[in-house]
Amino acid sequence: MKAIGILTSGGDAPGMNAAIRAVVRTAIYYGYKVYGIEKGYKGLLDEEFVEMDLSSVGDIIQRGGTVLKSSRCDEFKTPEGREKAVEILENYGIGSLIVIGGDGSFTGAKMLSNLGVATIGIPGTIDNDLAYTDYTIGFDTAMNTVIDAISKIRDTSSSHDRVNIVEVMGRNCGDLALYSGLAGGAETIIVPEMEIRTDEIVNKLKTTQKRGKKHSIIVLAEGADIDGGALALKKILTEEDHADVRVTVLGHVQRGGSPSSFDRILASRLGNKAVELLIAGKSARVVGMKDNKIIDMDIEEALSMEKEFDVDIYEMAKVLSI
């Protein structure tokens, strides 16, 4: 197998460092050399390699972000760029590569595997938008960050009898909005997967106000079908309900912070499993969690799966928010 390379690609997620630590220490335990590749696929093409030892990953399990850094790379998207990447890996004696990231990162890993590089993907994204795994690294931490923000916003919302719209990340996946909204007691949750009319939102606010509750929290997923996003929704609610409406866009604060214990343990298990798969001669696989068990599957199959939104949880959240 020669040496193992590891990189993080795409958006950073809390727990990536725990996964890097698990990969490096597992590989060294079994006698393999490990190269960290900084700045993702761009760093691969720019040959930003650093040999990693046990000390390289000391005291990083609790750190957010990624010590290997991340960036986008248009050159890698070309056939010439990928061929150059394979040549560089061969020059360094790296026969296998572990990629931590989301669907775009996994697509790059799949393409490298087609060119003869043994690759394993580890899911690292706060969006939780990969269908083959119940959880991605970083989702739990981001969800808790959102819940903390909702709790703080509710304090000031109730003090001023305001409606607060909290916009959260997630791209086209509503998991972050759904679960943080449920746990945060949001009165309305708006996600890309479920259609909701603005008049429904207005009527719910009026119903809530009639029973004496003057403040409300609306959690809005960034990919929801609301033209103009949170600010446009604020305008509609202000005009239709005459409410005092404020908007909070949480943005990249959701990506930061020390990973939760769940994300640290998940990342450690997935990193360990990824190395074991490479040692067993596997390639073009991704690791994940299903029913609390660590699983692996073909990377192409994983990328082709469609994410199923949990409608039952969504409907339950609507019932509990009456």
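Let me start with a term: a residue is called buried under 20% relative accessible area, exposed over 50%, and partly exposed in between, using a 1.4 Å probe and protein chains only. This is a predicted model, where local features need pLDDT of at least 70, side-chain atom pairs count only at pLDDT 80 or more, and totals for chains, interfaces and linings use all residues. Residues are numbered from 1 along each chain as its sequence is written, and side-chain values use heavy atoms, leaving out hydrogens and water.

So, the cysteines. Cys73 counts as buried because its relative accessibility is 15%, and Cys173 is buried too, at 4%. If a disulfide is a pair of cysteine sulfur atoms within 2.5 Å, the count comes to 0.

Now please look at the sheet. Strands here are DSSP runs of E with at least two residues, helices are runs of H or I with at least four, and both are numbered from the N terminus. Two strands pair if DSSP finds at least two bridges between them. There is an open sheet of 4 strands in the order β7-β8-β6-β9, with parallel pairing. At its edges sit β7 (188–190) and β9 (245–249), each pairing on one side only. Further in, β6 (residues 163–168) runs parallel to β8 (residues 216–221), and 6 bridges join them. Val166, for instance, has Val219 in β8 as its bridge partner.

Last stop, Tyr30. You will find Tyr30 in the loop between α1 (16–29) and β2 (34–37). Is Tyr30 buried, exposed or partly exposed? Its relative accessible area is 42%, so Tyr30 is partly exposed.
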